[in-house]
Amino acid sequence: MAKHVITANRLIDGLVVYLSASGGWVEAVSESLVAAAEAALEVALETGRAAEAGNHVVGVYEIEVDGSGPAMAPVSLRERIRAFGPTTHPEFGRTTESGHYQHSDGVEPVRFGDA
Amino acid sequence: MYRYDEFDHALVQDRVAQYRDQVARRISGELSEEQFRPLRLMNGLYLQLHAYMLRVAIPYGTLSSKQLRKLAHIARTYDKGYGHWTTRQNIQFNWPKLDETPDILAELAEVEMHAIQTSGNTIRNVTADAYGGVAADEIEDPRIWAEIIRQWSTLHPEFSFLPRKFKIAVTGAPHDRAAVRFHDIGVIVKRNWDGEIGFEVLVGGGLGRTPMIAKTIRQFLPKQHLLSYLEAILRVYNLIGRRDNKYKARIKIMVHELGIDEVGEMVEDEWERIKTGELELPADEIARIRAYFAPPEYEALPAEDPGFAAKRFEDRACAQWVRSNVNHHKQPGYAIVDLSVKPEGQPPGDVTDAQMDAVADLAEAYSMDELRVTHEQNLVFPYVKQSDLYELWRKLIEQGLATANVGLVSDIIACPGLDYCALANARSIPVAQRISKRFADLDRQHDIGELRMKISGCINACGHHHVGHIGLLGVDRRGEEYYQITLGGAPGEDASVGKIIGPAFSSGDVVDAVEELVNVYVEKRREGERFLDTYRRIGEEPFKTRLYEERFHAAA
């Protein structure tokens with residue numbers, strides 16, 4: 001099975017979070033608990049749903065990821081944008097990887113307000 | 001401008017207190033997300049990709065400097081230092097924290113603002129021509145009527161749970177700058193044969209997955225009946241509009257399925273019953289609201305300011321800015337100034353807190369303390385003396401708000417797209433930024449002339465792509481961003497819905513494709529033709545041939 005992690009938005013501030021191995025919620029996808037088997041994913045989802053029922057997070061679901069450790073990234077563009085921030089605003093992002101901000105013609109966005 | 005009376009103040013403050021309690025109950029766990037969601041939406045709070053998003057209403061796009069300073073303060077204190085003007089004359093904050101949102105609403109209430117009915121299946125913030133009260137071609141200020149509609153529709157108990165959201169736009173001029181034909185109800189101020197002022201009422205327009213041009217339901221409605229007639233339309237819709245299918249629930253589908261004649265008869269029947277009741281507008285009430293929108297104290301000035309005419313002659317860049325960003329005013333010696341919030345390569349419609357503060361100061365100094373937000377995501381100074389234009393232009397340059405591109409190819413409407421929006425399939429803003437950079441040369445843009453470019457990141461069409469001369473719709477093709485191109489849309493009095501020209505383009509190719517379309521126009525145009533005119537004259541074939549046979553045969 002492809003690797004999966006559990007994501008949600010934190011109730012209090014709405015920020016994107018991931019379920020960690022300790023059962024808490026972290027902002028960095030690279031620090032999330034990775035499930036590589038169906039059974040592990042089901043357990044992780046149950047933990048996530050319990051946190052939703054406990055009103056800590058909203059909208060729990062699983063996403064596919066690639067790689068491990070600091071290089072770990074969600075597979076879909078939508079989830080990469082959730083993990084790393086809007087591609088138009090490097091100053092509000094969560095990654096230093098410039099590829100995330102590069103437009104498809106190679107142009108880097110101007111930092112906002114530097115017009 | 002309109003000022004809250006005691007009822008408005010009490011209503012908004014009650015709502016803040018009610019919402020504060022709801023948020024507290026949500027955080028304590030007393031309310032589940034399912035229970036809380038409709039409550040937060042009634043106050044404009046969404047949960048988007050990265051965070052909560054708060055949409056604040058700016059009724060008919062009119063703001064005072066004081067209100068704009070408050071928005072700057074909110075951006076700085078509760079958000080990441082910026083806000084985003086939307087395509088419905090609202091502002092969105094992209095990063096508020098749930099527990100701080102009651103404080104934001106309390107701060108807004110201090111300056112007579114709120115977020116009520118900026119979401120949900122209600123009558124949404126009423127929009128109007130951003131040049132209301134000052135346009136040279138205007139019959140009457142549409143904001144008088146937009147304000148009357150706002151008061152009637154705010155917390156209207158009968159229309160709090162409509163089949164779907166409901167949008168009303170008003171124009172006071174024959175030249176439609178408010179896209180009234182693409183609203184659930186469009187109201188056009190007009191004169192009848194006897195010279196009396198009243199309204200043409202249109203119904204059933206909209207964009208989204210089923211774009212429709214509104215149809216006229218009443219050619220002429222006397223002023224005093226505006227609310228009773230709107231109430232009759234809403235009642236018919238509320239009763240027979242579909243609730244079984246979200247995608248068929250807008251009034252445009254009802255009008256399309258039943259036909260305008262049948263809907264018109266039902267509305268007239270209902271209206272006959274209520275037209276002389278409590279909703280009939282007394283003349284003194286109309287006069288009371290009208291007084292809020294009385295023209296400011298203009299100075300008596302010559303029609304053309306000689307000093308500015310000379311400056312314009314000397315400074316080519318200023319002349320270029322005047323050509324695209326300055327408009328005729330109904331008052332001699334004054335001008336309407338568009339502030340472009342589309343600087344080269346920047347996200348359309350984003351402004352920083354510092355820019356908002358600076359604009360508030362400039363509006364105070366040069367525009368009688370008032371500005372407007374346009375549905376095209378720009379700002380307007382409605383009351384600028386021609387003799388101040390040169391100085392204002394220099395100051396707007398310092399703020400990055402004087403790009404001479406209003407109405408040109410880089411003045412792009414774009415929805416937030418996949419960078420923010422939970423519904424989007426593809427990004428909109430980065431494509432807008434790339435097109436803006438591709439056409440950065442302002443001389444070239446001015447040579448191309450008026451070209452309405454609009455981008456949506458999904459079929460909901462918040463970026464109005466259906467009514468772009470060139471429209472782009474982002475689609476997801478096996479995980480990759482692709483963009484479908486439509487041509488020939490128009491939002492105004494010559495309304496049309498754009499037509500899909502062929503297979504979608506990859507993100508890598510789409511900007512080249514747009515440039516090729518512009519090239520075809522430049523090659524084929526006749527004297528005085530805009531892109532839209534040339535397209536309407538020659539049809540889609542030359543554009544299609546260039547894209548799919550000559551340029552991108554591999555892409556198709």
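**Sheet, interface and domains**

Mentor: In this predicted model, chain A holds an open sheet of five strands, ordered β3-β2-β1-β4-β5 and paired in the antiparallel sense.

Trainee: What makes β3 and β5 of chain A the edges?
Mentor: β3 (25–26) and β5 (73–74) of chain A each have a single partner strand, so one side of each is left without a neighbour in the sheet.

Trainee: How do you know that β1 and β4 of chain A pair?
Mentor: Pairing requires at least two bridges found by DSSP, and strand β1 (residues 4–10) and strand β4 (residues 57–66) of chain A are joined over six bridges, in the antiparallel sense. In β4(A), E64(A) is the residue that stands opposite H4(A).

Trainee: What makes residues of chain B count as being in contact with chain A?
Mentor: The criterion is that C-beta atoms, placed from the backbone, lie within 7 Å, and by it 34 residues of chain B are in contact with 28 residues of chain A. The largest share of the side of chain B that touches chain A comes from α14(B), with five residues, and by class that side has 14 nonpolar, ten polar and ten charged residues.

Trainee: Which domains are assigned in chain B, and what makes domain 2 and domain 3 touch?
Mentor: The assignment gives domain 1 (6–110), domain 2 (134–292), domain 3 (306–398) and domain 4 (413–551). The centres of domain 2 and domain 3 of chain B, taken over C-alpha atoms, are separated by 32 Å, while the contact takes six residues from domain 2 of chain B and seven residues from domain 3 of chain B. On the domain 2 side, these divide into five nonpolar, no polar and one charged.

Technical notes. Residues are numbered from 1 along each chain as its sequence is written. Chains are lettered from A and ligands numbered from 1 in the order in which they are written. This is a predicted model: local features need pLDDT of at least 70, side-chain atom pairs count only at pLDDT 80 or more; totals for chains, interfaces and linings use all residues. Domain bounds come from an automatic or database domain assignment. Two residues are in contact if their C-beta atoms, placed from the backbone, lie within 7 Å. Ala, Val, Leu, Ile, Met, Phe, Trp, Tyr, Cys and Pro count as nonpolar, Asp, Glu, Lys and Arg as charged, and the others, Gly among them, as polar. Helices (H or I, at least four residues) and strands (E, at least two) are DSSP runs, numbered from the N terminus.
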